[in-house]
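Here is a short briefing on one structure.

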Amino acid sequence: MTAAAPYAFNSNELWTLGIAAYAAIVSTFVLGWDAYKWLASGAKIDLSASTGMQVYGGLVPDPKTYVSVTAWNVGDQPTTITNLGGLYFDSWWRAYITRRKWARAFIITEPSQVQRIPYRFEVGDQWIGMAEQTEDITQMAKDGYLFFVLYTAKGGRGQRVRVKVRPKENGSTDNE
């Protein structure tokens, strides 16, 4: 047998091969970008919780202390807020790794008088809910890992935010 001579590309074939390689790279990038946009689209909720909140004004003074939950829809689609609840975990492992083995769970039946649940949560909107900061809530926040969870129509497990009770300057907690 005789050895075959190596193939020699002419200039038109080299141009065609270069253009095809460039088109393959660009189309792969565009496909990846479209997949990213599809995965990243939808309602995105930013959530924060503040303890030790008090209500001022109104006809009757309110001496109670509240935990305030503020949510912002920073995504590109509206959603509906369906519920506000709480989950208490007694260990870091359960709170952040397993996430499903809570020691206590509860629902806040009426977190907002003005923005009642179910609430249509448009893009760019802000929603504020409150729950009374009882001694039980304060103890759970200090002893373990207490999360308030905002459930939406498209949210699955919901968005959660950790509730932390910070001590005041005189050594007492927010609700004293």
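How many bridges join strand β2 (residues 66–73) to β6? Seven do, and the two strands run antiparallel. The model is predicted: local features need pLDDT of at least 70, side-chain atom pairs count only at pLDDT 80 or more, and totals for chains, interfaces and linings use all residues. Residues are numbered from 1 along each chain as its sequence is written, and side-chain values use heavy atoms, with hydrogens and water left out.

**Sheet**

- Three strands form an open sheet in the order β1-β2-β6, with antiparallel pairing.
- The edge strands are β1 (45–53) and β6, each of which pairs on one side only.
- On average, neighbouring strands of this sheet are turned by 20° against each other, direction ignored.
- Such angles use axes fitted as lines to C-alpha atoms (for helices over the stretch in contact) and run from 0 to 180 degrees between N-to-C directions.
- Tyr66 has Glu132 in β6 as its bridge partner.
- Strands (E, at least two residues) and helices (H or I, at least four) are DSSP runs numbered from the N terminus; two strands pair if DSSP finds at least two bridges between them.

**Gln133**

- Gln133 sits in the loop between β6 and α3 (135–143).
- Gln133 counts as buried because its relative accessibility is 5%; buried means under 20% relative accessible area, exposed over 50%, partly exposed in between (1.4 Å probe, protein chains only).
- The Gln133 side chain reaches the backbone nitrogen of Gly52 at 2.7 Å.

**Largest pocket**

- The largest pocket holds about 330 Å³ of space.
- A pocket is an open set of points on a 1 Å grid over the protein atoms alone, where a 1.4 Å probe fits, with protein on both sides within 12 Å along at least five of seven lines; lining residues have an atom within 4 Å of a point.
- Grid points are joined across faces, edges and corners, and a volume is the space filled by probe spheres set on the points.
- Its lining has 13 residues, with Tyr66, Glu110, Pro111, Met130 and Ala131 nearest the centre.
- Strand β6 (residues 126–132) gives the largest share of this lining, four residues.

**Second largest pocket**

- About 210 Å³ of space lies in the second largest pocket.
- Of its 14 lining residues, Leu87, Trp102, Val149, Tyr151 and Arg157 lie nearest the centre.
- β3 (79–89), β4 (104–107) and β7 (145–152) each supply at least two lining residues.

Definitions and conventions: A polar contact is a pair of N or O atoms within 3.5 Å; within protein, one must be able to donate a hydrogen and the other to accept it, and residues adjacent in sequence count only if both atoms are side-chain atoms.
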